[in-house]
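Please look through the following briefing with the sequence and the model side by side.

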Amino acid sequence: MTDPNDPLAGIIASLKEPVTIAPELTERVMAEIDRLPPPLAAGASVERWWRRRWTIRLSPVGGLALAAGLAAVIFASQLAGRRAGGAAPAADGAIVVRATQFVLVAPGAAAVSVVGDFNDWSLAATPLARADDDGVWWVTVPLTPGRYRYAFVVDGTIWRPDPEAPAADDEFGRPNSVVTIGGA
Amino acid sequence: MRDSTSRVGIVGPGLGILVLLIMGALLLMAAAPVPAHGQEPRLAGRIPDAARAQVDAILDAARASGLPAEPLVDRALEGSAKGASPGLIVAAVTRLRDELLVVRSTFGASASPAELAAGASALRAGARSRDLAELRKLRPGQPLTVAAAVLADLVAAGVPADTAVGAVLVMASDAGDADYVAFRRNVQRDIMLGASPAAALGVRLRSATNLADAPGNETTATGGRRKQKP
């Protein structure tokens, strides 16, 4: 006997009732099964892993930071390669860079610059600083090992070789000096 | 835990596309190499128009044959800075190209741009290609930049070319780059003190090869003595 006031008994009774199945259910289930892809062969799971689509979530700020970082790395590597000028690395693989000081005594000069193979012979690229009132001008330039031709230009027009350095060959009618930077 | 991605995502898909475009532009700008053909950007506005096309053609041919363009560009810029005529600039670049070709055939295809440029300077100074070949043979696996550059420096300082070649080759087996630089500096200093270039080189070469430069016993080509710096 069941108690009609017992809720659990009511649930049990409803579960015992026969289930009515729609007559077209079997056809629908079989049609869905037919649409499924065939079972994977051995190794196909690995291939599927490689071809799997990944979703990378990135905020706009993160994307810009990533792009800027990559761009900086690429640009820096290109710049370093160009500045090194193909200089041979030292034994430990590092590119040797030596701080090289250029000095000229030019008491009456208003401006002095050094031009050479290391700065595209640009009058504006490497100005010298006046060290004192005696007319000593100087600048320090980082150079990789090699032989560099250069000259001083006083007041933008007067070309002067370095009196402390060997003279270099010149094909253009103005004197050059030369500095050789050693490696290891 | 809050999701910052979804938070910024509320600005809509337009910003995402914009970010993608900026990322692409940044990477393209950073990766853009010097064009292999066409006009060399470093020469833009720097050399006379009459020389530009010919110099660019020389540079293109040099790159195509594996020669470094840097020394050639430097030579063109030097000529321009010095106000040389277009013909003179083209002639100088052409001559340097020819010298680089000779040096590369002597030093080998793996020679660095600095080695090629230094070797070209040595050729210009009077060394022969067989001298450079001997240098390569005596210094296997070592950079030749400084040795070749010192050779050219010695000639520039007034040492006869044959004498300079002989000195550099004598030192080639054992000297490091620093030894070559010190050698040249000492020769140059002795010349400035009044020694003849040949005498200065002879004295310094004996010192370099016999290790006669003991502390406090450093001699000079002018006959003087000076103490070694502490």
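Where is the place of Asp120(A)? Asp120(A) lies in the loop between S2 and S3 of chain A, where helices (H or I, at least four residues) and strands (E, at least two) are DSSP runs numbered from the N terminus. This is a predicted model, in which local features need pLDDT of at least 70 and side-chain atom pairs count only at pLDDT 80 or more, while totals for chains, interfaces and linings use all residues. Residues are numbered from 1 along each chain as its sequence is written, and chains are lettered from A and ligands numbered from 1 in the order in which they are written.

**The two chains**

- Chain A holds four helices and eight strands, and along the sequence these follow the pattern α-α-α-α-β-β-β-β-β-β-β-β.
- Chain B has 11 helices and two strands, with the pattern α-α-α-α-α-α-α-α-α-α-α-β-β when read along the sequence.
- A residue is called buried if 20 or more other C-beta atoms lie within 10 Å of its own, exposed if 12 or fewer do, and partly exposed in between, with C-beta atoms placed from the backbone.
- On that basis, 21% of the 184 residues of chain A count as buried, and buried residues make up 42% of the 230 residues in chain B.
- Two residues are in contact if their C-beta atoms, placed from the backbone, lie within 7 Å; among contacts in chain B between residues at least 6 apart in sequence, 60% join residues at least 24 apart.

- Most residues other than glycine have a negative phi, and most peptide bonds are trans.
- Asp120(A), by contrast, has a positive phi near 60°, and this residue is partly exposed, with 17 other C-beta atoms within 10 Å.
- Trp121(A) is found in the loop between S2 and S3 of chain A and has a positive phi near 55°, but Trp121(A) counts as buried because 24 C-beta neighbours lie inside 10 Å.

**Strands of chain A**

- Strand S2 (residues 112-116) of chain A is mostly covered, five of its five residues being buried.
- In a regular strand the side chains alternate between the two faces of the sheet.
- In S2(A), Val112(A), Val114(A) and Gly116(A) point one way and Ser113(A) and Val115(A) the other way, and all are buried.
- S2(A) and S5(A) run antiparallel and are joined by five bridges, with Gly116(A) standing opposite Tyr150(A) in S5(A); two strands pair if DSSP finds at least two bridges between them.
- An open sheet of three strands in chain A has the order S1-S4-S3 with antiparallel pairing, and its edge strands, strand S1 (98-105) and strand S3 (129-130), each pair on one side only.
- S3(A) pairs with strand S4 (residues 136-143) of chain A in the antiparallel sense over two bridges, and Ala129(A) has Trp138(A) in S4(A) as its bridge partner.

**Helix H6 of chain B**

- The 13 residues of helix H6 (residues 113-125) of chain B should span 18 Å at 1.5 Å a residue, and the end C-alpha atoms are 18 Å apart, which agrees; the expected span is 1.5 Å times one less than the number of residues.
- Since 12 of the 13 residues of H6(B) are buried, this helix is largely enclosed by the rest of the structure.
- The cover over the buried residues of H6(B) includes strand S5 (146-154) of chain A, together with helix H4 (70-81), helix H5 (86-107), helix H7 (129-138), helix H8 (145-156) and helix H9 (161-171) of chain B.
- Just after H6(B), Gly126(B) takes a positive phi of about 125°.

**Helix H10 of chain B**

- Val187(B) is found in helix H10 (residues 177-192) of chain B and is buried, with 31 other C-beta atoms within 10 Å.
- Not counting residues up to four places away in sequence, Val187(B) touches Leu154(B), Ala157(B), Ala200(B), Leu201(B) and Arg204(B).
- Val187(B) and Ala199(B) are 12 residues apart in sequence and 9.0 Å apart in space, C-alpha to C-alpha.
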